[in-house]
Amino acid sequence: MTDLAKQALAPPRSLVSGDALQILYRLLAALLICVVLSFLSDSFLSLGNILNVLRQASLMFFIASGLTLVVLTAGLDLSVGANVALSACLAGTVIQQTGSPTLGVLTGLATGGIIGLLNGMMVTALRIPSFIATYGMLWVLNGLTYWYMAGETIHGFPPGFRQIGSGYLFGLPIPVYLLLIFLAVGTIFAQRTTWGQEIYATGANPVAARLSGIPIARRLLLVYGVSGTMAGMASIVFLARLNSAEADIGESLTLPAIAAVLIGGTSLFGGVGTVFGTFVGALILTLVLNGMNLLSVNASWQPIVTGVIVVLAVWVDMKTRRRTS
Amino acid sequence: MSAAVQPAGDAPVTVPLLELRGISKEFPGVRALDDVSFAVWPGEVHMLLGENGAGKSSLMKVLCGADSADSGEFYHKGDKVRVSSTADAQKLGIAVIFQEFSLVPYLDIGQNIFLGREPSGRIPGTIDRRRILRDARRILDSIGFNIDPSILVEKLGVAQQQMVEIAKAISQNARILVMDEPTAALSDRETELLFALIARLKADGVAIIYISHRMAEVFALGDRITVLRDGRRIDELRPADASPDQLVRMMVGRTVDMSYPRHFAETPGKVLLEVRRLAAASGISDIDLEVRAGEIVGLCGLAGSGRTEVVRAIFGADKVTAGEIIFDGQQTSGGPDQAARRGIALIPENRKSEGLAPLRSVADNLVVSALRKLFPSHLFDPRRAQRVADGLVKQLRIATPTSRQMVGLLSGGNQQKVVIGKWLATGAKLFIFDEPTRGIDVGAKSEIFALIDRLVADGAAALMISSEQAEICHVCDRAYVMREGRIAGQLSRSELTEENIVRLGMHHA
Amino acid sequence: MREAITSLPGNPLQRIPGVAVTLVLLVAVFGSVAPGFLSPANITNVLVQSTVLMMLALPMTLIIMTEGLDLSMGAVLTFTSLVVAIVSLATGSMLLGLGAAILAGAVFGTVNGWLVATLGIPPFVATLGTLGTAQGLSLIISDGQSVVGIPHSVRDIYSATVAGVPVPVVIALVSYAAFHILLYHTRFGTYIFALGGNREALKYAGLASNRLLIAVYATGGMMAGVAGLLMTARMNSGHPTAGLGLEFDAIAAVAVGGTSFERGNGWLFGTALGVIAVGVLRNGLNLMALPSSIQVASVGLLVIVALFFDGLRSRS
């Protein structure tokens with residue numbers, strides 16, 4: 001109690017304005033990386049490369065945005081990559097069979113959402129810890145996807161549909177517009193709705209949240225459902241971008257998405273973080289990987305670097321948590 | 001009182017096994033121990049009595065080296081010693097039988113007894129499990145505990161686990177055992193076994209410091225009794241020279257130095273909460289109570305008597321196994337979210353871990369329960385939330401630089417105001433308080449009581465758990481006293497005295 | 001010495017370990033549905049194929065008993081199998097290859113343990129990071145290609161027999177025996193129960209729980225090294241991605257075998273049965289000509305079901 005009394009008398013230090021500060025630091029970091037890369041590589045600042053970075057970051061962000069909500073509740077969804085794969089394959093099939101991109105989009109979103117809800121039910125009703133439940137789901141989805149595709153590829157989608165992933169509007173790739181939309185929607189949902197506030201409260205202290213009258217089970221189902229639906233959303237954009245669907249497109253998506261969330265300042269322990277922060281995190285990671293590509297670093301180093309950054313980000317988060325608590 | 005009284009015994013022992021002189025310990029704002037002297041002789045059971053907060057656990061912590069005293073001296077068999085760590089205490093042969101046992105669930109009894117001291121087997125690197133079982137068997141027999149040492153601890157009941165803890169202590173040559181309410185979770189038969197064990201230990205010259213609230217035990221087992229109150233040693237006497245009433249009076253008498261702003265209503269309002277034959281898996285049963293608008297009803301009893309369990313069951317935080325809860329004329333069931341929506345509010349015992357999100361702001365914490373009420377469209381307006389929060393801060397006089405301050409940095413009293421405040425915005429009609437003034441300084445306590453008084457004057461009802469009998473007596477219209485998971489009795493305003501509460505709450509023979 | 005069996009109270013039927021029931025069911029189902037399942041050749045095949053998984057599942061049992069998890073085992077296995085291939089190719093010695101692999105595995109394991117114990121990073125994050133690292137390093141040292149032309153001494157490990165028993169099975173049996181002794185007859189093993197069941201108890205006994213925890217993860221890494229030898233022997237080459245994902249089968253085997261993720265409740269024999277169960281499941285589905293993708297999905301379902309029942313058991 002002595003420590004608290006002293007701290008209460010000390011100059012105020014609130015966590016809320018700290019949020020904006022944390023994002024600022026990360027934006028500065030991103031800027032720094034840009035400056036360094038522009039010196040190290042001539043082609044970094046080329047229009048083509050910048051647009052490429054933005055597009056890649058968008059794709060990473062779609063998955064990471066829904067994941068942010070899950071991590072805010074101190075959970076984890078390891079199945080997002082596999083979710084994207086299955087959703088893409090099913091949506092692709094529907095587009096090919098029916099010729100209707102709309103039906104395809106709906107299929108992708110529905111598949112993602114259902115998977116998300118299943119994850120949510122394992123966590124709330126079956127009380128399985130989220131990382132185990134979604135890890136098991138990851139393998140189930142993987143298996144289903146590979147079995148369904150039976151080694152084949154679906155390709156060739158209607159040109160109108162492909163615009164979603166490869167098209168441009170006023171010089172910017174369409175995914176970037178989608179990113180801005182989802183950034184806005186995500187931020188509004190998290191910061192400007194009662195559901196969002198309840199999600200923050202649930203992550204910050206689940207026991208107190210429950211005793212404050214928040215229906216935690218319903219909120220958890222919501223966040224896992226949203227995370228799954230966003231993976232479904234991402235699958236559509238991938239489909240449109242790659243103009244094909246294969247069983248393995250999800251393999252390398254999960255780790256970067258988690259990394260983006262953690263780099264962006266969302267804490268694994270819940271209650272702290274923003275969707276905008278995840279965007280900056282996606283940007284930073286994409287810049288780093290882009291830089292490695294431009295400098296012709298062996299692609300095999302990418303998962304290593306991502307893994308190391310994840311561990312670092314968690315360590316930094318734990319250190320700062322201990323200081324403020 | 002004079003120096004330590006010598007116990008009766010055959011061999012003349014001139015020096016106590018362990019003696020504490022002038023022990024004091026202070027926490028900010030609270031004197032936990034004030035010049036306490038205490039001596040233990042071999043082969044005796046020394047009973048330690050006192051209310052919640054009298055200083056018993058502080059004394060035990062100092063004794064076993066988990067905490068250090070601010071001043072005072074330790075003497076072991078007459079020699080001055082320092083006890084500044086648990087290792088020091090262990091070397092002197094002091095062992096505390098923990099309430100939360102230090103046992104490993106999926107190891108067997110023998111392995112638990114010898115954890116860290118396993119004897120080596122013939123093949124280098126291995127341990128001799130047969131010898132562990134043999135030695136464990138010997139120790140268990142020596143304390144009269146007839147059980148197969150190869151049984152996993154996880155399979156044992158609480159009573160048996162306690163026996164294993166005692167066996168562990170004995171195997172480490174403990175000569176002074178500290179037991180904190182050891183019979184709290186035991187059946188009558190298990191209690192008999194424990195008493196038989198204590199008799200053997202006594203015969204062996206082991207000293208036992210025994211904390212208890214059960215008068216029957218105190219007089220049956222005790223060789224000497226020390227009563228603590230407000231951190232001071234009130235007296236030390238032999239059971240033969242004392243009576244239960246006398247002991248109760250010693251435990252309870254206290255100078256009142258607080259103001260309790262309370263305006264009792266002339267006529268009670270309508271019944272807001274009615275509880276009938278309530279039972280829960282948490283260990284309460286057959287609970288009948290009612291609370292009316294305009295009343296503050298107290299819920300008393302010793303720690304562990306089931307008070308928190310009752311209010312949690314009412315609030316829906318724990319599963320109800322039998323009985324009914326009728327709130328404002330309607331049967332209620334379901335979880336905390338439904339209780340909150342109907343208008344029941346819970347201010348929990350541990351405000352930091354159960355009542356607040358310490359890393360979030362004061363404003364966030366103040367509006368969290370009322371979100372649906374304040375923003376029916378589900379669109380959250382931070383500025384309106386801020387205004388509501390600022391209003392509550394002003395109304396409750398919460399001391400914080402701004403409402404954006406992290407709530408974990410506030411003082412205890414102000415944190416409690418935030419917890420209460422978060423329910424004000426919901427328009428709750430029944431406020432349940434679990435130890436609302438624990439760990440709060442005197443000034444803030446008065447403010448909290450004034451606040452509760454205002455709430456019920458405006459037509460709400462309050463159910464209040466408190467371990468401070470003085471509070472209950474000054475503030476409550478009436479009170480229920482709990483004992484071992486049931487309601488032991490009800491006290492009307494005129495019957496509401498500290499002594500009555502303590503008497504009803506303790507286990508009389 | 002008797003192992004402590006995690007049997008259940010009350011209903012006598014409940015006292016039969018779930019994994020035994022699962023195994024019997026699987027054998028019964030596949031025995032009747034899958035062609036050639038019960039032939040001696042196939043049964044031998046199942047046992048031999050399961051040995052690599054056994055190498056991983058044994059230490060994984062210990063790690064899960066400490067309320068931890070090692071997601072990097074599959075990737076580390078990939079890396080160590082490459083190490084065996086590369087080193088034995090370069091030196092002509094199978095033993096040097098094995099030694100190098102065990103060393104490499106030990107390094108990864110120690111890093112895992114240090115991240116979890118000293119830095120306090122949640123195990124799944126820490127090992128997720130190591131997974132990425134091991135995966136990347138595997139691609140780098142192999143240049144993305146298989147490593148072929150390794151000495152016969154390595155391949156012979158897989159096909160040789162000792163008194164009619166295939167060498168891999170012998171290695172698995174010896175490993176099992178070693179882990180049994182470790183867990184039930186040494187101090188280290190005793191403390192593992194405490195690491196998961198009541199870490200405070202170690203503190204009161206004056207023992208350093210951090211160092212013990214690191215040692216547990218390091219053991220996992222070393223066993224991945226031994227498994228690397230078996231895998232390289234089986235494939236007669238080192239492959240840059242073989243072995244990825246095997247940690248999942250290992251976790252499945254441990255979960256199905258009855259070890260729970262909390263409170264230090266572990267059963268080594270259950271894990272062994274779980275390994276065989278997973279092996280039977282994959283083999284049976286294989287014989288039914290179902291692709292490996294369905295196998296993987298089934299193992300996933302098996303884990304979820306096992307955990308669900310584990311949750312039911314601990315709450316009843």
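Reply: Let us begin with a term: helices (H or I, at least four residues) and strands (E, at least two) are DSSP runs, numbered from the N terminus. This is a predicted model, in which local features need pLDDT of at least 70, side-chain atom pairs count only at pLDDT 80 or more, and totals for chains, interfaces and linings use all residues. Residues are numbered from 1 along each chain as its sequence is written, chains are lettered from A and ligands numbered from 1 in the order in which they are written, and side-chain values use heavy atoms, leaving out hydrogens and water.

Me: How many of the eight residues of helix H1 of chain B are buried?

Reply: A residue is buried under 20% relative accessible area, exposed over 50% and partly exposed in between (1.4 Å probe, protein chains only). Helix H1 of chain B covers residues 56-63, and six of its eight residues are buried, so the rest of the structure largely encloses this helix. The buried residues are Lys56(B), Ser58(B), Leu59(B), Met60(B), Val62(B) and Leu63(B). Just after H1(B), Gly65(B) takes a positive phi of about 85°.

Me: Which residues other than glycine have a positive phi?

Reply: Most residues other than glycine have a negative phi. Among those with a positive value is Asp230(B), whose phi is near 55°. Asp230(B) belongs to the loop between strand E9 (224-229) and E10 of chain B, and its relative accessible area of 33% makes Asp230(B) partly exposed. Another case is Asp143(C), with phi near 60°. Asp143(C) lies in the loop between helix H5 (123-142) and helix H6 (152-159) of chain C, where it is exposed, at a relative accessible area of 59%.

Me: Where is Ala240(B) found, and is this residue buried or exposed?

Reply: Ala240(B) is found in the loop between strand E10 (232-237) and helix H8 (244-252) of chain B. At 75% relative accessibility, Ala240(B) counts as exposed. In sequence, 49 residues separate Ala240(B) from Thr191(B), and their C-alpha atoms are 23 Å apart in space.

Me: Which residues does Glu471(B) touch?

Reply: Contact means heavy atoms within 4.5 Å. Glu471(B) is part of helix H17 (residues 469-475) of chain B and, at 0% relative accessibility, counts as buried. Not counting residues up to four places away in sequence, Glu471(B) touches Tyr260(B), Thr437(B), Lys445(B), Phe449(B), Met464(B), Ser466(B) and Cys476(B). A distance along the chain is another matter: Glu471(B) and Lys61(B) are 410 residues apart, with their C-alpha atoms separated by 27 Å.

Me: With which residues is Gly203(A) in contact?

Reply: Gly203(A) sits in helix H9 (residues 194-204) of chain A and is buried, at 3% relative accessibility. Leaving aside neighbours within four places in sequence, Gly203(A) is in contact with Leu72(A), Thr73(A), Phe269(A), Gly270(A) and Gly271(A). The C-alpha atoms of Gly203(A) and Gly81(A), which are 122 residues apart along the chain, are separated by 23 Å.

Me: How many aromatic pairs does the structure hold?

Reply: Rings of Phe, Tyr and Trp (its six-membered ring) pair if their centres lie within 6.5 Å; planes under 30 degrees apart count as stacked, over 60 as edge-to-face and the rest as tilted. Over all chains, the structure holds 17 aromatic pairs. One of them joins Phe189(A) and Trp195(A), stacked at 6.4 Å centre to centre with 20° between the planes. Phe189(A) is buried at 18% relative accessibility, whereas Trp195(A) is partly exposed at 29%.

Me: Over which ring does the charged end of Arg262(B) sit?

Reply: A charge sits over a ring if NZ of Lys or CZ of Arg is within 6 Å of the ring centre and within 35 degrees of the ring normal. The charged end of Arg262(B) sits over the ring of Phe264(B), 4.6 Å from its centre. Likewise, Arg384(B) lies over the face of Phe375(B), 5.6 Å from the ring centre.

Me: Where is Glu498(B) placed?

Reply: Glu498(B) belongs to helix H18 (residues 498-505) of chain B. With a relative accessible area of 15%, Glu498(B) is buried. Glu498(B) and Leu237(B) are 261 residues apart in sequence and 23 Å apart in space, C-alpha to C-alpha.
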